[in-house]
Amino acid sequence: MRIHLIAVGRAKRGPEKDLFDTYCGRIRWPFQLHEVEEKRPLSGDELKAREAELLLGALPDGAILVALDERGKPLGSEQLAGKIEGWRDGGAGDLAFMIGGADGLHESIRKRADLILNFGALTWPHMLVRGMLAEQVYRCQQILAGHPYHRR
């Protein structure tokens, strides 16, 4: 199964990108970052709608979609690993995680999502969430491989 991270914005050099790159280097599953960005000066609902078009345009056909959203469900690492294992074993070819822009995700993405996931009640910068997500994908990989990286 191929894993995709589809995110609004372009990562710049710095500690957030370094964190993301560190965990991406550890992931052995096929893992690809797709960055989308609207250049026009849009705002509010118009910007969220346009970002949704760009995000969904980068989504592989038939992919399982996990949207990262503050209104989503909190899962533990073992629960997320179990979901990934189920999708993989069920024959899913692509799994895509989606991170919106500063104003969040448009309702059309939440409606399309197979799972809406949050990283807790705190608000996180979306560039930092990329690194956190990459670490969780790596952690899920290690859980499913029976590796002791994940300790209870």
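## The largest nonpolar core

The largest nonpolar core has 28 residues, and Trp29, Val66, Ile84, Trp87, Leu95 and Phe97 touch the most other members. A nonpolar core here is a set of buried Ala, Val, Leu, Ile, Met, Phe, Trp, Tyr and Cys residues joined through side-chain atoms within 4.5 Å. Buried means under 20% relative accessible area, exposed means over 50%, and partly exposed lies in between (1.4 Å probe, protein chains only). At least two residues of this core come from each of strand E1 (2-8), helix H1 (15-24), strand E3 (64-74), helix H3 (77-89), strand E4 (94-99), strand E5 (115-118) and helix H5 (126-145). H5 gives the most, with six residues. Helices (H or I, at least four residues) and strands (E, at least two) are DSSP runs, numbered from the N terminus. A second, separate core holds 15 residues, including Ile6, Val8, Val36 and Leu54. In soluble globular proteins, nonpolar side chains tend to be buried together.

This is a predicted model: local features need pLDDT of at least 70, side-chain atom pairs count only at pLDDT 80 or more, and totals for chains, interfaces and linings use all residues. Residues are numbered from 1 along each chain as its sequence is written, and side-chain values use heavy atoms, with hydrogens and water left out.

Contact means heavy atoms within 4.5 Å. Leaving aside neighbours within four places in sequence, Trp29 is in contact with Ile3, Ile84, Val137, Cys140, Gln141 and Leu144. Ile3 sits in strand E1. Ile3 is buried, at 1% relative accessibility. Beyond four places in sequence, Ile3 touches Trp29, Pro30, Phe31, Gln32, Leu95 and Phe97. Ile3 and Phe97 are 94 residues apart in sequence, yet their C-alpha atoms are 7.8 Å apart.

Trp87 belongs to helix H3. With 17% relative accessibility, Trp87 counts as buried. Not counting residues up to four places away, Trp87 touches Met1, Ile64, Val66, Ala92, Leu95 and Leu115. Ile64 is 23 residues from Trp87 along the chain, and their C-alpha atoms are separated by 7.8 Å.

## Arg88 in helix H3

Arg88 also lies in helix H3. Arg88 is partly exposed, with a relative accessible area of 34%. Apart from neighbours within four places in sequence, Arg88 is in contact with Met1 and Leu144. Arg88 and Thr22 are 66 residues apart in sequence, and 24 Å apart from C-alpha to C-alpha.

## Helix H5 and its end

What span should H5 have, and how far apart are its end C-alpha atoms? At 1.5 Å a residue, the 20 residues of H5 should span 28 Å; the end C-alpha atoms are 29 Å apart, which agrees. The expected span of a helix is 1.5 Å times one less than its number of residues. Just after H5, Gly146 takes a positive phi of about 75°.

## Aromatic cluster

The whole structure contains three aromatic pairs. Rings of Phe, Tyr and Trp (its six-membered ring) pair if their centres lie within 6.5 Å; planes under 30 degrees apart count as stacked, over 60 as edge-to-face and the rest as tilted. The rings of Tyr23 and Tyr138 have centres 6.2 Å apart and planes at 45°, so this pair is tilted. The pair links distant parts of the chain: Tyr23 is in helix H1 and Tyr138 in helix H5, 115 residues apart. Tyr23 is buried at 15% relative accessibility, and Tyr138 is buried at 10%.

Tyr138 and Tyr149 form an edge-to-face pair, 4.8 Å centre to centre with 70° between the planes. Tyr138 is in helix H5 and Tyr149 in the segment after H5, so the pair ties together parts 11 residues apart in sequence. Tyr149 is buried, at 18% relative accessibility. Tyr23, Tyr138 and Tyr149 form one aromatic cluster. Arg26 lies over the face of Tyr138, at 5.6 Å from the ring centre. A charge sits over a ring if NZ of Lys or CZ of Arg is within 6 Å of the ring centre and within 35 degrees of the ring normal.

## Cysteines

How many disulfides does a search of the whole structure find? The search finds zero. A disulfide is a pair of cysteine sulfur atoms within 2.5 Å. The sulfur of Cys24 has its closest cysteine sulfur in Cys140, 14 Å away, too far for a bond. Cys24 is partly exposed, at 21% relative accessibility. Cys140 is buried, at 0%.
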